[in-house]
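Open the model in your viewer and keep the selection tool at hand. We will go stop by stop.

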Amino acid sequence: MRYQRSSALYQAAQKVIPGGVNSPVRAFKAVGGTPIFVEKAKGAYLYDEDGNRLIDYISSWGPVILGHAFEPVIKAVIERAKLGTSFGMPTALETEIASLAVQMVPNIDKIRFVNSGTEACMSAIRLARGVTGREKIIKFAGCYHGHSDSFLIQAGSGAVTFGSPNSPGVTQGTAKDTLLAKYNDLESVAEIFKENENQIAAIIVEPVAGNMGCIPPKEGFLEGLRSFCDAQGTLLVFDEVMTGFRLAPGGAQEKLGVKADIITFGKVLGGGLPVGAFAAKNEIMQHLAPEGPVYQAGTLSGNPLAMAAGLAMLTELNKNPSIFSSLEAKTKTLHEGMESILLRKGMPFQINRFGSMISLHFTAEEVVDFETAALGNNDFFKKYFHGMLDEGIYLPPSAFESYFLNDALSMEDIYFTLKAFEKTINGF
Ligand code: KE4
């Protein structure tokens, strides 16, 4: 595929934007080559600046679950923009989308809108610390909750899971309050609680992990976290930035039947515009300013354009819940097709899938946590990524990402993708 214009644009971008991108994963560092600059998109297709049409399997990392430039969302944004773009004052529109979200998501009374998943998760942790009066939190190696300091922590030295910063600029002072456990490993969580009896404000977890590739929770894992939290007075935070409004109208809580205390959202909730949110029962949310003492704010929080896009998106998903099963069926077809091609080829692989989240790992070992996800053959992944790109398929440019299907994908697109997949894998 030709990429002259993308590479020229990339050169120009690097002169005025760090790394030429506004979010690192877009720079193709994990797969090599020149990042693709997109001109426009419609439905399941991206059109890059060199005129290539690509079938999109990242859907803007989740938000455009109904496909790009979805008519009702576009119409809502255009209409709303004519009334003004931002006021810094409350609007009835915010109450409308908040009421719909509260109706769709189990176990919440109130929701606060922010502008990104990072802000949602950062605020949820501050709220949990404010409510419990405790400072420590538990997160899981390989789970990503955005780039706020408390989350940019890697497993530190020593067995006892002390966190250490995984980015310059994050202080030891911050890192000491984030303890690292292993995803799908309740024993690692028990150890932390033993060392920190009644000191943990919150456990934050991706109920279906999507930042190590897709890793579904093992039977009993989330239930185990729930009981630890109940026993310890710790709040369970489900980071549903990816899974919210994607796995079901009520997200992972509905799909998996486990209750969280605070739930964070992003991506789909904004229909492609910048929206994040966090939500809980009123006895937790009443701690939040201006009602309570836990401070959190934002100039553009509840922005009318973003709310209009989000409301159009949620309205569609709420009206047609069959979208979720349709998306799941398409992902299952992709999964089964990939599996049979890989079995015929006889190479080591794991395919993890939950609903419309799926990922391929070139390893014989079951991928259940960050360590096993890291065993994947990254050279194979690079070859796979570029092979598929050459066939007109745009996959996440990292082995540690989940694919995000959107419901604009037709079965023809899925079969076209499987043909491209067969050609790529047979070229190994
Ligand atoms: P944002 O701040 O990027 O809106 O959301 C952060 C976030 C929080 N929680 C989960 C589970 C997430 O997956 C994310 C962001 N996801 C990545 C993709 N894995 C966004 C892509 C990017 O960083 O450019």
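Leaving aside neighbours within four places in sequence, which residues is Ser 301 in contact with? Select Ser 301 and look around: the partners are Glu 94, Phe 113, Val 114, Asn 115 and Glu 119. Contact here means heavy atoms within 4.5 Å.

Before moving on, note that this is a predicted model: local features need pLDDT of at least 70, side-chain atom pairs count only at pLDDT 80 or more, and totals for chains, interfaces and linings use all residues. Residues are numbered from 1 along each chain as its sequence is written, and side-chain values use heavy atoms, with hydrogens and water left out.

**Stop 1: still at Ser 301**

Ser 301 sits in the loop between helix H9 (282-285) and helix H10 (304-319). Helices (H or I, at least four residues) and strands (E, at least two) are DSSP runs, numbered from the N terminus. Now show the side chains of Ser 301 and Asn 115: they make a polar contact at 3.3 Å. A polar contact is a pair of N or O atoms within 3.5 Å; within protein, one must be able to donate a hydrogen and the other to accept it, and residues adjacent in sequence count only if both atoms are side-chain atoms.

**Stop 2: the two domains**

Colour residues 4-69 and 321-426 as domain 1, and 71-319 as domain 2. These bounds come from an automatic or database domain assignment. The C-alpha centres of the two domains lie 25 Å apart. Domain 1 gives 35 residues to the contact, and domain 2 gives 35 residues.

**Stop 3: the ligand**

Select the ligand. How many residues surround the ligand? There are 16, and the closest are Ser 23, Thr 118, Asn 211, Asp 239 and Glu 401. A residue counts as near if one of its heavy atoms lies within 4 Å. Each of domain 1 and domain 2 supplies at least three residues of this shell.

Zoom in on the atoms. A polar side-chain atom of Ser 23 is 2.6 Å from a ligand oxygen. A ligand nitrogen lies 2.7 Å from an N or O atom in the side chain of Glu 401. A ligand nitrogen is also 3.3 Å from a polar backbone atom of Tyr 144. The protein covers 86% of the 540 Å² of accessible area that the ligand has on its own. Such areas come from the Shrake-Rupley method with a 1.4 Å probe.

**Stop 4: Asp 369**

Go to the loop between strand E14 (357-361) and helix H12 (370-373), where Asp 369 lies. Is Asp 369 buried or exposed? Asp 369 counts as buried because its relative accessible area is 8%; buried means under 20%, exposed over 50%, partly exposed in between (1.4 Å probe, protein chains only). The side chains of Asp 369 and Thr 372 join in a polar contact of 2.7 Å. A polar side-chain atom of Asp 369 also lies 3.2 Å from the backbone nitrogen of Glu 371.

**Stop 5**

Select Leu 334 in helix H11 (residues 322-345). Leu 334 is buried, at 2% relative accessible area. Leaving aside neighbours within four places in sequence, its contacts include Tyr 57, Leu 405 and Ile 414.

Finish at Thr 424, in helix H14 (residues 411-426). Thr 424 is buried too, with 8% relative accessibility. Its side chain reaches the backbone oxygen of Ala 420 at 2.8 Å.
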